[in-house]
Amino acid sequence: MDIDLLSANSSYDVDPDLPAPPVNAVICATQHCTGIPVAHGEAFAVHTTGTAPAFFDLTELAMGVTRRSGVQQGQLLASTSHTTCALIVQENEPLLLADLADRLHRFASEHEQYRHNAMDIRTINMCGIDECANGHSHCQHAVLGAAVQLPVVAGDLLLGLWQRVLLVELDHPRAREFHIQVTGIASPVPVTNTAR
């Protein structure tokens, strides 16, 4: 693969000697919650479909876990148990997902050579007859990651307008597992939300 396909030159008006300036942020709101500490987790199994990379929206499922946890103020952690399947926060917009799939293919194409695919010499982490040539899937996963973490505020998962929690199948359709854990404070009194 040509390295130029993976790099982009900075515009000429960027001064390499100047670091990014500090942000001048203004506090918009504060939240404070007292109550009972809670850790609530749920495990899920799914069988993916389609051609990789394939995207699956877990947002409503994550919101359900958040509601069932009773946590008013805390955080949600979603993670997958696999190295060829990822979790991301991104828009669930079909053209964007096609763009992401294209970029993942350009970063690590299944048509390239991978040492991991040399089944005649590889001896570590073999899973029998289910083992397949999926070095590209592992490389794509390394870019995307296995987990996402989001805040829980006033009992709801805090997401931006278009943000969704997406599972990304990078290999072939198969059984997958993921876990969602919500930790924080469950409060019998409403969360104090003070705007400034």
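Modeller: Read along the sequence, the protein chain runs β-β-β-α-β-β-α-α-β-β-β-β-β. That makes three helices and 10 strands, where helices (H or I, at least four residues) and strands (E, at least two) are DSSP runs numbered from the N terminus. This is a predicted model, in which local features need pLDDT of at least 70 and side-chain atom pairs count only at pLDDT 80 or more, while totals for chains, interfaces and linings use all residues. Residues are numbered from 1 along each chain as its sequence is written, and side-chain values use heavy atoms, with hydrogens and water left out.

Colleague: What makes strand 2 and strand 9 a pair?

Modeller: Two strands pair if DSSP finds at least two bridges between them. Strand 2 and strand 9 have 12 bridges, in the antiparallel sense, so they qualify as a pair.

Colleague: Why is the pair of Phe-44 and Phe-178 called stacked?

Modeller: A pair of aromatic rings is described by the distance of the centres and the angle of the planes. Rings of Phe, Tyr and Trp (its six-membered ring) pair if their centres lie within 6.5 Å; planes under 30 degrees apart count as stacked, over 60 as edge-to-face and the rest as tilted. By this rule the count comes to one aromatic pair. Phe-44 and Phe-178 lie 5.3 Å apart, centre to centre, with 20° between the planes, so the pair is stacked. Phe-44 is in strand 2 (residues 36-47) and Phe-178 in strand 9 (residues 175-186), 134 residues apart, so the pair links distant parts of the chain.

Colleague: What makes Asp-171 a buried residue, and what is around it?

Modeller: Asp-171 has a relative accessible area of 10%, which is under the 20% limit, so it is buried. Asp-171 is found in the loop between strand 8 (163-169) and strand 9. Contact means heavy atoms within 4.5 Å. Leaving aside neighbours within four places in sequence, Asp-171 is in contact with Ala-52, Thr-84, Cys-132, Asn-134, Ser-137 and Arg-176.

Colleague: How do you know that Asp-171 and His-172 make a polar contact, given the sequence neighbours?

Modeller: A polar contact is a pair of N or O atoms within 3.5 Å; within protein, one must be able to donate a hydrogen and the other to accept it, and residues adjacent in sequence count only if both atoms are side-chain atoms. The contact here runs from side chain to side chain at 3.3 Å, so it passes.

Colleague: What can you tell me about helix 3?

Modeller: In helix 3 (residues 135-144), the buried residues are Gly-135, His-136, Ser-137, Gln-140 and His-141. These buried residues pack against strand 5 (85-91) and helix 2 (94-107). Gly-145 follows helix 3 with a positive phi, near 100°.

Colleague: How many disulfides does the structure hold?

Modeller: The structure holds zero disulfides, a disulfide being a pair of cysteine sulfur atoms within 2.5 Å. As for individual cysteines, Cys-28 is exposed, because its relative accessible area is 61%, whereas Cys-85, at 0%, counts as buried.

Terms used. Buried < 20%, exposed > 50% of the residue type's maximum accessible area, 1.4 Å probe, protein only.
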